Amino acid sequence: ISEVGLFTRFPLLMWEKVLSKVKKSVVFMDEKCAEALHWSGGAATLLEAGARNLKQFSSFEACGVNEPKAVFVVSTLLKGRTVDIIKDIISLSHFQYCVVFTTVAHSVHLLANKVTTEMEGSPVFEQFEEKLCEWMGNMNYTAEVMHVPVVFAPVSQQLIVTPPFAHLFPLLSPDLDIINEKRPEKRRFASLNDIDMHCLPAELQIEIKSLASALNSMFEATGTREESFVLGPMSRIIAGELANLPQAKNRRKTAPNKASIIFVDRTMDLTGAVGHHGDNLVEKVLTVLKLLPGHVTDVQVDMLELTSLHKTPHSKNILAPGCLAQTQSSARSLWDAMLTTKHKEGVIEVRRQLVEAASKENLPIKMSMGRVTPEQLCSYIQLFRSSRGALESHCGVLQLGLATAQTLRHPSLPRWDSCLAFERLLLQALGDADFPAVLRQLLPLMKPRGGKDTSVSGLRLREDELGPDELILLLVYLYSLADEIQPADHDTEEEEELEKLERDLIGALTLVISRETELSSLLQKLTGCINPEELTAERVHSAVEKMFKTLRGLSSTRNHLKQLRSIYTASDGVHQATYRPFLRQILEEVFHPDRRECPDIEHMSGGLTDLLKTGFSMFMKVSRPHPGDNPLLFLFMVGGVTPSELRLIKEIVATHRPGTQVLVLSTRLLRPTDIPELLFGTQRLVPDIGV
């Protein structure tokens, strides 16, 4: 197996530990673990291992008299709410045997219980085993509690995400203000870059320690000795935790396989994450199709075309949706291609694989060249309806084909191109005008959708018309570039002009949101309302004001960098202005043939030995480790990675260093609208750790 293969198999090895215990049991699993399992073979693997049933981890679930064994799989500490739910389920059931798996290590449980001394064994887990027996009603019944890091989801050959940490995101300037409020005047931090682990709230510390511990488990299982490098404040804190874990220090002394891992804060480049320039099929699929309930990555694929059902309002309730996570090897390779190629190549590959599958099954396929249309894809897919065997053999490729067809004909897809067109205009305008002048170009776009006048001439709800979600994306896009064109020494006149303009934008956007007849997931998170009826003008206005406070800080996220400060190249009269992806710049530094030192890629190390080395350097030449030195490179994106960035990484590696294996780890796979949710609708400082 290739080195990268060892890592994409690691999540499956962790699930094996769970599978070894599920025989004849009912399994209760929380959403985050369920999402990790979904990309590692799904519920089928549990049932094949002998589980009787799989249920939601909820106080409203229980088991009957004839179900004596339960297995719980949770992504949280065994404290607070998690314990209450386990107790509720056991109290309503008749178990004689309970197994609890938590993804949180015992060492983190000790910290959460404010125990700082090293302890033998696993006292927290042993105490919990006694509690389980108590709740089952007999101390002679069997209870087992153990840690298993099932937090990784192998999304593709090149990408592993961590569903339990999907909402972990680098801190922003409003978070700094909150941290500073609690500190004495003299000890306040000047910038996010000065923040250390100890000043963070306990919940966030536990989240970070859990992530470091999970990474350590992966490196331990694969015999990896890593050199860590960081770009960004949150990355530095995570890498520091990993470097200082006692288990990690021992491992690094003996592990045989050397690797480099570069942690990168998403906030170093938000432009790339909200932009629509990706030219990637999967980004569009993830954006227009609805999420699977409880998931942050995978989407619902309508399977109606594969049945003889007629489309009615109720047909959705009869038919389980398909999805993108597939186990069949033909589907996995198609998915990998869709994820890392350009839109057009991806669509052609979908057609090619459908044609190939149909001809394997001797289905009467009409070959057609030229443009791929959704109608053409559906006509191929419908051929499989007639044969159950063909359906089963190719159901993975068929689901990816349906996802593609449903995306290509989706009514909201034209908005993708509208966003792209506006981004290009704004990018060019930034080179020619000051920031307020460019920002002002957004004002005329901020009009409520669809207007009240429904006569043909007055109907404004066009397919490609921008709604509030897209307007917010454009604001993030612009503010993330503001510093590129605006020197830091503004005059007060310009400041006042900007403030007045922002007030106008806040007013206009408040009106746009207030007039919505349906609230998108982003607007629900932004306003804290589920239905438009709950919206009041004040509520929307204060949410939008808060949003602008966060927006203002976005332009300074790269200020502490010396070399990689810019992701924007202005027009030189011959070439247009362009966006230069931060990841491209990092990798070009790492793979530079001269093995250049980049001052912005900080090396993190395990402490003392490094201090000793610097002492020796007076007498002998000690070279700093370089991320390009090792045959295996991990990029860990804290806050998410986009499909088009995966393609970019693949292309750069192929061009500059074809022998290096690169594996991307990320808290999540992003669609553009995820970013405003993470910026404006997420408790970054106090994540929900289930307590």
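Student: Why is Cys98 called buried?

Tutor: Cys98 has a relative accessibility of 0%. Buried means under 20% relative accessible area, exposed means over 50%, and partly exposed lies in between (1.4 Å probe, protein chains only). Since 0% is under 20%, Cys98 counts as buried.

Student: What kind of model is this, and how are the residues numbered?

Tutor: The model is predicted, so local features need pLDDT of at least 70 and side-chain atom pairs count only at pLDDT 80 or more, while totals for chains, interfaces and linings use all residues. Residues are numbered from 1 along each chain as its sequence is written, and side-chain values use heavy atoms, with hydrogens and water left out.

Student: What makes Lys114 exposed or buried?

Tutor: Lys114 has a relative accessible area of 73%. This is over the cut-off for exposed, so Lys114 is exposed. Lys114 lies in the loop between H5 and helix H6 (123-136), where helices (H or I, at least four residues) and strands (E, at least two) are DSSP runs, numbered from the N terminus. Lys114 also has a positive phi of about 60 degrees, although it is not a glycine.

Student: And which class does Arg595 fall into?

Tutor: Arg595 has a relative accessible area of 34%, so Arg595 is partly exposed. Arg595 is found in the loop between helix H25 (582-590) and strand S12 (602-604). Its phi is positive too, at about 50 degrees, although Arg595 is not a glycine.

Student: Why does Phe95 count as buried?

Tutor: The relative accessibility of Phe95 is 2%, so Phe95 counts as buried. Phe95 is found in the loop between helix H4 (80-91) and S4. Leaving aside neighbours within four places in sequence, its contacts (heavy atoms within 4.5 Å) include Phe28, Cys63, Phe72, Met136 and Tyr141.

Student: What about Thr103, and where is it found?

Tutor: Thr103 is found in the loop between strand S4 (97-102) and helix H5 (106-112). With 7% relative accessibility, Thr103 counts as buried. Apart from neighbours within four places in sequence, Thr103 is in contact with residues including Cys33, Val74, Ser75, Thr76 and His147.

Student: What makes a space a cavity, and how does a pocket differ?

Tutor: On a 1 Å grid over the protein atoms alone, a cavity is a set of points where a 1.4 Å probe fits but cannot get out, whereas a pocket is an open set with protein on both sides within 12 Å along at least five of seven lines; lining residues have an atom within 4 Å of a point. Grid points are joined across faces, edges and corners, and a volume is the space filled by probe spheres set on the points. The count comes to 5 cavities of 30 Å³ or more. The largest cavity holds about 140 Å³ of space. It is lined by 14 residues, and those closest to its centre are Ser75, Thr76, Val104, Glu207 and Ile689.

Student: How do you know where the largest cavity lies relative to the domains?

Tutor: Domain bounds come from an automatic or database domain assignment. Domain 1 (3-149) and domain 2 (151-269 + 581-673 + 685-690) both give residues to the lining, so the largest cavity lies between them. Helix H8 (residues 202-221) gives the most to this lining, with 3 residues.

Student: How do the lining residues of the largest cavity divide by class?

Tutor: Ala, Val, Leu, Ile, Met, Phe, Trp, Tyr, Cys and Pro count as nonpolar, Asp, Glu, Lys and Arg as charged, and the others, Gly among them, as polar. By class there are 7 nonpolar, 4 polar and 3 charged residues.

Student: How much space lies in the second largest pocket, and which domains line it?

Tutor: About 790 Å³ of space lies there. Of its 29 lining residues, Ser107, Val108, Leu245, Pro246 and Gln247 are the closest to its centre. Domain 1 and domain 2 each give at least three residues to the lining.
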